[in-house]
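This briefing goes through one protein model by topic. Keep the sequence and the structure in view while reading.

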Amino acid sequence: MQPSFLARIWTIEGRLPLPEGQTAQETFDRLRPMLRTSGTAHHQDGDTVQFRKTDPEAQDPLSVFDHGTLRVETAGDAGGRVLHYRMVSRILLLCFLAPLLFLGFSQLTVFVGRMNAPTAEDIAKAEKEQKAKEKKMVTPVQNPVDKFLGAPAPEKPGKDKPKPKAGQPDSKKYSPTPAYVFACFFAILYVFGRWLEARLVRRRMARLLGTDPASTSEELAALAVSH
């Protein structure tokens, strides 16, 4: 049941210690309410239960997972038993890939901007046309009251307009900033969701099994860090 390194991106995995003497059947009976939800199909084979979800309800505590495996195993030489669970989520995978997609969009925007950047000839032509327009523009007449109060004289429209540089793309038209913002948003969403889902799944199963969630707080932190 050990997932590969890449599979850990969209996989939630962990272990829960079981009460002493509790059998696999008793364990799965306690977890049955979590599996008996709309859109969930599960099958038990001895000490293992596999489930798969198809169009689950939003209220389903496992709605973000597509399928998973629950297995009761013996841990260590002492003979204690643990519940080993592994759940797979395509939503986590999409949240992980989304930042990469938007980073790709940002680089594409930068590339297109450089390809469409004005050349020296284009800038010279634009300046020539701008000068011709400025000659035709009439300087606004200053109001006598403003002149009496010492206000600066009005200038011709377009005089202070910044001039583009050769080889430099239009920063407004080809800005990668929106793509960077979305990439950061989905990266934060993935990290938070990855940690939160692992915590919620573990806490819910611990409550159904009758174990104390506080007794496994250190294991919760270790699981969130390791993944």
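Two strands count as paired if DSSP finds at least two bridges between them. By that rule, strand S1 (residues 11-17) pairs with strand S5 (residues 80-88): seven bridges join them, and the two run antiparallel.

**Overall layout**

- The protein chain has six helices and five strands.
- Read from the N terminus, the order of its elements is β-α-β-β-β-β-α-α-α-α-α.
- Of the 227 residues in the protein chain, 29% are buried.
- The protein chain exposes about 15000 Å², and 59% of this area comes from carbon and sulfur atoms.
- Take the contacts in the protein chain between residues at least 6 apart in sequence: 60% of them join residues at least 24 apart.

**Strands and their pairing**

- S1 is mostly covered, with five of its seven residues buried.
- Arg-15 has its own bridge partner in S5, namely His-84.
- S5 also pairs with S4, in the antiparallel sense, over nine bridges.
- In that pairing, Thr-69 stands opposite Arg-86 in S5.
- Strand S4 (residues 67-75) is joined to S3 by five bridges, and these two strands run antiparallel.
- The bridge partner of Val-49 is Leu-70, which belongs to S4.

**A loop residue, Asp-66**

- Asp-66 is found in the loop between S3 and S4.
- Is Asp-66 buried or exposed? Its relative accessibility is 16%, so Asp-66 counts as buried, the cut-off being under 20%.
- Leaving aside residues up to four places away in sequence, Asp-66 touches Arg-52, Lys-53, Val-88, Ser-89 and Arg-90.
- One of these contacts, Ser-89, is 23 residues away from Asp-66 in sequence, while the C-alpha to C-alpha distance is 5.4 Å.

**Aromatic rings**

- The structure contains six aromatic pairs.
- In one of them, Phe-102 and Phe-105 have ring centres 6.0 Å apart and ring planes at 80°; the pair is edge-to-face because planes over 60 degrees apart are classed that way.
- Both Phe-102 and Phe-105 sit in helix H2 (residues 90-115), three residues apart, which is about one turn of the helix.
- Phe-102 also pairs with Phe-186: their ring centres are 5.8 Å apart and their planes are at 10°, so this pair is stacked, the limit for stacking being under 30 degrees.
- Phe-102 is in helix H2 and Phe-186 is in helix H5 (residues 177-209), so their pair ties together parts that are 84 residues apart in sequence.
- Phe-102, Phe-105, Phe-182, Phe-185 and Phe-186 make up one aromatic cluster.

**Cysteines**

- How many disulfides does a search of the whole structure find? The search finds zero disulfides.
- A disulfide is a covalent bond between the sulfur atoms of two cysteines.
- Cys-95 counts as buried because its relative accessibility is 13%.
- Cys-184, with a relative accessible area of 47%, is partly exposed.

**Confidence in the model**

- The average pLDDT of the protein chain is 79, and 70% of the residues score at least 70.
- Where in the protein chain is confidence lowest, and where is it highest? Confidence is lowest in helix H6 (residues 217-226), with a mean of 43, and highest in strand S3 (residues 48-53), at 93.
- The pLDDT is below 50 over residues 215-227, and this stretch has 17 contacts in the model beyond near neighbours in sequence.
- Where pLDDT is low, the predicted coordinates should not be read in detail.

Terms used:
Residues are numbered from 1 along each chain as its sequence is written. This is a predicted model: local features need pLDDT of at least 70, side-chain atom pairs count only at pLDDT 80 or more; totals for chains, interfaces and linings use all residues. Side-chain values use heavy atoms; hydrogens and water are left out. Rings of Phe, Tyr and Trp (its six-membered ring) pair if their centres lie within 6.5 Å; planes under 30 degrees apart count as stacked, over 60 as edge-to-face and the rest as tilted. Helices (H or I, at least four residues) and strands (E, at least two) are DSSP runs, numbered from the N terminus. pLDDT is the predictor's confidence in each residue, from 0 to 100. Contact means heavy atoms within 4.5 Å. Buried means under 20% relative accessible area, exposed over 50%, partly exposed in between (1.4 Å probe, protein chains only). A disulfide is a pair of cysteine sulfur atoms within 2.5 Å. Accessible areas come from the Shrake-Rupley method with a 1.4 Å probe; for residues, only the protein chains shown count as cover.
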